[in-house]
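This report covers one protein model and its ligand.

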Amino acid sequence: MRKRPAATFRPLAELKVVRQSEQSIELKSAFHTVRVSVLADDLFRLQITFAKKFSSHPSWAVCKTNWPAVATIVRTNASSLSVGTASATLRLSLGDGALRFSDSEGRALFNAAPGKIGFFGREARVEMNLAGEESIFGLGETTGTFNKRGLIREFWNTDILGHAPAIYPSMRSLYVSIPFAISLREGRAAGLFWDNPGRQIWDLGQTQLDRWKMSAATGEIDLYFFAGPGVGRVVSRFTDLTGRTPMPPLWSLGYQQCRYSYETQERVEEIAGAFRKRKIPCDALYLDIHHMDGYRVFTFGKTFRHARALTRKLAKKGFKLITIVDPGVKDDRNFGVLKRGIARHAFVKEANGKKDYIGKVWPGKARFPDFLNPQVRSWWGAEQKKLIDAGIAGFWNDMNEPANFALPTKTLPENCRHETEHGAIRHSAIHNVYGMEMARACRDGVLAHQPDTRPFVITRAGYAGVQRHALVWTGDNSSVWEHLADAVQMFLNLSVSGVPFCGGDIGGFIDNTTPELFLRWLQFATFTPFYRNHSNLGTIEQEPWAFGRNTESIARKFIELRYQLLPYLYGLFAQAHREGTPIMRPLFWHYQNDPVAVAASDQFLLGENLLIAPILRQGATARSVYLPRGVWFDFWSGQKSAGGQHVIAHAPLETIPIFVRAGAIVPMLAVQQFVGEKMPDVVNLHCWPGAGELDWYEDDGQSLAFAAGEFSRRKIKSRWGEKGGTLRLGTTVGSFPSQAKNWRVVLRGIGGKFSVQADGKNLRSRFDPATQVGSFEVSNAPGIVDFQFRTAGVKK
Ligand code: GLC
C-alpha cells in the first residue's frame, strides 16, 4: 500500500544508508526511499519515492538494463554520501538533501541547494541551480527558442493545430515529450533526463533566472545524470540508454508527396504520372484519412476499392504508397476491428475499469486501443496485415497523443485505466507514452508480417526512446515564415534528444503557402532527414509544379540535389543507427567550445561537412552566415573563406547558402542515376582541398541482412593542396558486395590541369575550366591514388 502523501512539501532530509551493493546504494528517511546507481562511468541514476518501495514498472523509455560493472568509489560519513567514478561524482548531503553532480575535476554539472528535492503531496519536485552562462538544449520537440533557457515547458503530449501559438512562450506543449536536456557551459556538456511519462513541468529560469524548477504531477523522481563533457558523449549515452534509430529503407530518404487528401485512386495515379512526366524524382505518395471507409481504420473506402491494383501500378513507376493510421476505432458495432477489439478487451477503460472509454475523433465516437498492453499491441500489429496485403509500404501514425475531440483537454480523461503486463495504471501516469507504444505496435506488427523488410513508420506523438520505433514528424505547422524558422531549432533539438530521423511538412500545413515560402522551405528541407511535402484540406495545391514553371524548375533542382546526396545521407543514417549521432546537427555538435557556434540557431550542419544556412525571411536574397574555425568553401562557387567569422552569403531564390568544410569528401550521385532502391555502380566522390575522410557505408537498402554483417564499410581519406595530393581507398569491412564498382573522383575548386597515378599507372583525367572541376575514375579496389597539379594548383 502506498503511504498517503502529505500536503506539505517534504524535502529529502535525515537520510540513512540502508543497503549497499556493488553499483547501487539505498537510503531512507522517514518519508523517502532513495537509490543512487552507477550505470556507467559517465551515467548515474537517482531514484526517489515517498513509498516504501520503488514502482515495479519497468521504464518505457529505457531499453538497456544490463550495464557492466564500473569501478566506483563510495564514501559515506555522518553527513554525506559520495559516489564517484573516473568521470563523475554524485554527492548527497544526508542531513539536508543537497545534491551535487560534478565532473572528474570537481566542477559542478548539476546541483540542488538543501531542501529543494522532495514531494508535495503526490507531486515530485526538483529544483536545480542554473549557472550564469549555462545554455540548455534538447527537450525533444518544442517551439520557440533554440536555447531553451528561459522557457517553461510542459511535457504533456498535445494535439496543437497549426502549432499555434507556436512562437509565443505561452505555448508549452506539443505532440512529443522528451524530458531530456543538455546543459552546455564554458564548452562542457552534461545531460539530465527525468524518466517519468506523466505530466512534467520544467521552468528553465523563466520565473527565477538562476533556477531550473522541475515537477512531475505523479510518479517517482527518476533522474539520470550524464557527465559528458562532449555533447556527442552525452547523446551517445542517452541513446545507449533509450535506443537508437533503426536503419531506414533507402527509398524513404527520397522525396515524398502527401496532401490531406488525395481522395481517389485516379488522383493518386495522376500525381504519380505528373512526377514522372515532369521528371521530378519522388519515392512515396500518401493516403490521408479520406482513403478509409468512413474513417474506419485499416479499411479502404469506395474511391480506393482497388488498392492492391493501385500499389502494383505505382510500384511499376517506382512509387511506394503510405497510409495514415489513427488510433481511434470507430464505435460501430458492425465494424470488424471494433468487434475484435471488444472481444479482446483491447480498449482503454473508464476509471472504474469496466466500460470502454468512448471519445470522439475523425470517425465520430471512437474507442482507443490500449497500446500499453502487449497483447493489444500484437493484435493491432496483426490488424495491419490488411494494409500490408494491399501493398502499403509505410505507416503514418497520427493523432496518437491521443487526440480526442470530445473533451476540452483534447485527450483521454486522466483517470482512464490501462491494463499493462505489470497491472492497471492511470492514464495520467503514462499519458506521454501512449503514442510511442502505438508506433511500437505498428513497427513490431510490420516486422511480424515482413520479417526481412525494414519497416517505415512515422509518428506524431512520442516520448524518450520513440526513435526505436518511428521517425517523428512535427505535425501541423502553418504556412508562415515564422514556422519555417522555428523548424530549424525544432529539428536540431529533436535530433540531440535522440531522434535523428525527423522532419516537418514542407511548405507548411495550415493555410496557403506562397511560391517563395514553398521554395525556401523545400530548399531547407532538402537537408533535413525526412523530406515530405504536405498540406491541409482546403488549401491550394502544393505539389512542386503547382506554382508555375520557374518555381517548378527550382524545386526540381533541389529535389535532384537531395537524390544526389543520398549516399552521403545514407552514411549519416548508418552512423545515427550505430552511435545515436544526429544527421542534422547544431554547430555546437562539432564546435562546442565556440560560444558563437553554440548560439547559432538559424544554420546547421548536415553531417560534419556541409553547413547549411537556409533563407528564412520573405524577400531575403542574402544572409549572414557564421563559419566556425577552419577553412570553408562555398558549395556553389568554390570560393574559399576562413572560418571563425561571419560572412555574407548571397542567395537569390534559386539557391541556398551551403558551405563545405575543407578536406570534405562528399559522395554524390549524378543526376541521371536516381534509382530509389539501390546504389548505382559509379559514385562521385566530391573532394575539397584539405585533409579529410569519408566513412563510406553501403548495404542492400531494404532488408535486415546488414545486421548480420551484410554491409560494405570503408574509410576513404584524402589529403591535398596546392601541388596535388593523395586519396586512399581503405579496405572494406562487411560481406555486402559493393555496388559502386568505380569511383569518379571530382576535385572541386582547382585551378588547372593535373595528372593522376594509381599503382604506378597514369589514369585519364579531365579538367573543366568553366566550373574549375577536375575528375578521374578509379576502380573500387583498395589502394592509393596520387595526383599532381601541372599548373595553377588549388584555386585561391
Ligand atoms: C492531423 C495531422 C495531419 C493530417 C490530418 C488529417 O491534423 O497532423 O497531418 O493531414 O490530421 O488526417
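## Ligand site

Twelve names make up the list of residues around the ligand: Y260, D288, I289, I324, W362, W396, D398, R460, W473, D476, F509 and H534. A residue is near a molecule or strand if one of its heavy atoms lies within 4 Å of it. The model is predicted: local features need pLDDT of at least 70, side-chain atom pairs count only at pLDDT 80 or more, and totals for chains, interfaces and linings use all residues. Numbering starts from 1 along each chain as its sequence is written, and side-chain values use heavy atoms, with hydrogens and water left out.

By class, the shell holds seven nonpolar, one polar and four charged residues. Here Ala, Val, Leu, Ile, Met, Phe, Trp, Tyr, Cys and Pro count as nonpolar, Asp, Glu, Lys and Arg as charged, and the others, Gly among them, as polar. An oxygen atom of the ligand lies 3.0 Å from a polar side-chain atom of D398. For R460, an N or O atom of the side chain is 2.9 Å from a ligand oxygen. H534 places a polar side-chain atom 2.9 Å from an oxygen atom of the ligand. Taken alone, the ligand exposes 310 Å², and the protein buries 98% of that. These areas come from the Shrake-Rupley method with a 1.4 Å probe; for residues, only the protein chains shown count as cover.

Nine strands form an open parallel sheet in the order β33-β32-β30-β27-β23-β22-β21-β35-β34. β33 (502-503) and β34 are at the edges, each with a single partner strand, so one side of each has no neighbour in the sheet. Strands (E, at least two residues) and helices (H or I, at least four) are DSSP runs, numbered from the N terminus. Two strands pair if DSSP finds at least two bridges between them. β21 (residues 256-257) and β35 pair in parallel over two bridges. Q257 stands opposite N533 in β35.

A second open sheet has six strands, in the order β36-β37-β38-β43-β40-β41, with antiparallel pairing. Its edge strands are β36 (584-585) and β41 (640-642). Three antiparallel bridges join β40 (residues 631-634) to β43 (residues 658-661). D634 has F659 of β43 as its bridge partner.

## Helix α10

How many residues of helix α10 (residues 515-525) are buried? Nine of its 11 are. Buried means under 20% relative accessible area, exposed over 50%, and partly exposed in between (1.4 Å probe, protein chains only). Among the nine are L517, F518 and W521. The buried residues pack against α9 (481-495), β34 (505-506), β35 (532-533), α11 (549-564), β36 and β37 (604-606). Contact means heavy atoms within 4.5 Å.

## A buried aspartate

D699 lies in the loop between β46 (690-698) and β47 (712-721). D699 is buried, at 6% relative accessible area. Its side chain makes a polar contact with that of R454 (3.0 Å), and reaches the backbone nitrogen of G701 at 2.8 Å. A polar contact is a pair of N or O atoms within 3.5 Å; within protein, one must be able to donate a hydrogen and the other to accept it, and residues adjacent in sequence count only if both atoms are side-chain atoms.

## Backbone details

Most residues other than glycine have a negative phi, and most peptide bonds are trans. The E401 to P402 bond is cis, with omega near -5°. M399 has a positive phi of about 55° and is buried at 3% relative accessibility. K279 also has a positive phi, near 55°, but is exposed, at 62% relative accessible area.
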